[in-house]
Amino acid sequence: NKTDFVATDLKEALEQLLIQKDMTKSQCIAAANIQRNYGYQIFSGERVPSRDKLLCLCFALKLTIEETHQLLCCSGYADLYAKNKGDSILLFALQSSLSVLEVNDLLYEMGEGILV
């Protein structure tokens, strides 16, 4: 069952994704609409982000649903669940490559809590 376990930690996974997506930390943090200091602490491994902040990073990096799943697994958070209304909206937003602000607008319009 080794393939079912996550081998990398969150810091390593984020670094790999930045390289794959050809983004800098500052670009990602700005696109995620996260406070600069807090964002750098996440990337350095000093702080563990909330699930919402991690999802903001996923949208900033324009991750696929599979990449988002892997990042959520690295952090120990629950995967997006299609039968949950808020998660279903997030899955749609990932497929549509929406920005964090667009996602929050959509969540608000649908009566769900925004990504804080």
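Glutamate 46 counts as exposed, at 62% relative accessibility, where buried means under 20% relative accessible area, exposed over 50% and partly exposed in between, with a 1.4 Å probe and protein chains only. The model is predicted, so that local features need pLDDT of at least 70 and side-chain atom pairs count only at pLDDT 80 or more, whereas totals for chains, interfaces and linings use all residues. Residues are numbered from 1 along each chain as its sequence is written, and side-chain values use heavy atoms, with hydrogens and water left out.

Glutamate 46 lies in the loop between H3 and H4, helices here being DSSP runs of H or I with at least four residues, numbered from the N terminus. Its side chain is joined to that of serine 44 by a polar contact of 3.2 Å, that is, a pair of N or O atoms within 3.5 Å, of which, within protein, one must be able to donate a hydrogen and the other to accept it, while residues adjacent in sequence count only if both atoms are side-chain atoms. The C-alpha atoms of glutamate 46 and lysine 11 are separated by 9.3 Å, although the two residues are 35 apart along the chain.

## Packing of H1 against H5

The axes of helix H1 (residues 10–20) and helix H5 (residues 65–75) come within 9 Å and cross at roughly 155°, which makes H1 roughly antiparallel to H5, a term for angles over 145 degrees. In this pairing Leu10, Ala13, Leu14, Leu17 and Gln20 of H1 meet Glu67, Leu71, Cys74 and Ser75 of H5, contact meaning heavy atoms within 4.5 Å. The residues of this contact divide into six nonpolar, two polar and one charged.

## The largest nonpolar core

The largest nonpolar core has 36 residues, of which Leu14, Leu57, Phe59, Leu71, Leu90, Val103 and Leu115 touch the most other members; such a core is a set of buried Ala, Val, Leu, Ile, Met, Phe, Trp, Tyr and Cys residues joined through side-chain atoms within 4.5 Å. H4 gives the most to this core, with seven residues. Leaving aside residues up to four places away in sequence, phenylalanine 59 touches Leu90, Ala93, Leu94, Leu98, Val100, Val103 and Leu115.

## Positive phi in two loops

Most residues other than glycine have a negative phi. Aspartate 22, in the loop between H1 and H2, has a positive phi near 55° and is exposed, with a relative accessible area of 68%. Lysine 62, in the loop between H4 and H5, has a positive phi of about 55° and is partly exposed, at 43%.

Definitions and conventions:
Axes fitted to C-alpha atoms, helices over the stretch in contact; angles between N-to-C directions. Parallel < 35°, antiparallel > 145°, perpendicular 65-115°, else oblique. Nonpolar A, V, L, I, M, F, W, Y, C, P; charged D, E, K, R; others polar.
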